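Dear colleague,

I am passing a structure on to you with this email, and a short account of what was found in it comes after. Please look through the structure before you read on.

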Amino acid sequence: EQGTAINDFGCHSMSSIAVSGMRSPIETLSQASANEISFNRTHICPFNNECPKDVIAALAGEKCCAICPYAIICCDHAVAIGVELKRLGDIAVDITQANKKWIKSPGCRKREPKKGQAINYKISQWMVCAASVFVHPY
């Protein structure tokens, strides 16, 4: 049946961030043409991964799919979100190990606290998405 995929697969927005002057995320997806939709491993983007300026502004000037209200997920994205969490966790471990070496030997390598904070921020965002997948099964 045409036009039922959003409901059939339990698609939903992972964020409650409001973007003034724009349609709702689900409405935007349902009205997007096929060439405007990007099917990513972790979500569906109704803007072909090209964020409108209003969306970027609502996300504090940062392109961040993990908290974007227009990044639509369904239960089929659960595995990919888990893989993204694993990938980011591996990066966090590498940063932690590098920082421990730095503490033991200041000449070893420059410490990167901002990089670690950014990774932890992304991990927390994708954790919320992962939880959302299990709260909204189809």
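What follows describes the overall fold, then the surface and contacts, and then the cysteines.

Please keep in mind that this is a predicted model, in which local features need pLDDT of at least 70 and side-chain atom pairs count only at pLDDT 80 or more, whereas totals for chains, interfaces and linings use all residues. Residues are numbered from 1 along each chain as its sequence is written, and side-chain values use heavy atoms, with hydrogens and water left out.

The protein has five helices and four strands, taken as DSSP runs (H or I of at least four residues for helices, E of at least two for strands) that are numbered from the N terminus. Along the sequence, these elements come in the order α-β-α-β-β-α-β-α-α.

Of the 138 residues, 37% count as buried, that is, under 20% relative accessible area with a 1.4 Å probe and protein chains only, while exposed means over 50% and partly exposed lies in between. The accessible surface, by the Shrake-Rupley method with a 1.4 Å probe, comes to about 8,600 Å², and 56% of that belongs to carbon and sulfur atoms. Among contacts (heavy atoms within 4.5 Å) with a separation of 6 or more, 68% are accounted for by residues 24 or more positions apart.

A search of the whole structure for disulfides, meaning pairs of cysteine sulfur atoms within 2.5 Å, finds zero. For Cys 45, the nearest cysteine sulfur is that of Cys 51, 6.1 Å away, and Cys 45 itself counts as buried at 9% relative accessibility. For Cys 75, the nearest cysteine sulfur belongs to Cys 74, at 5.2 Å, and Cys 75 counts as partly exposed at 23% relative accessibility.
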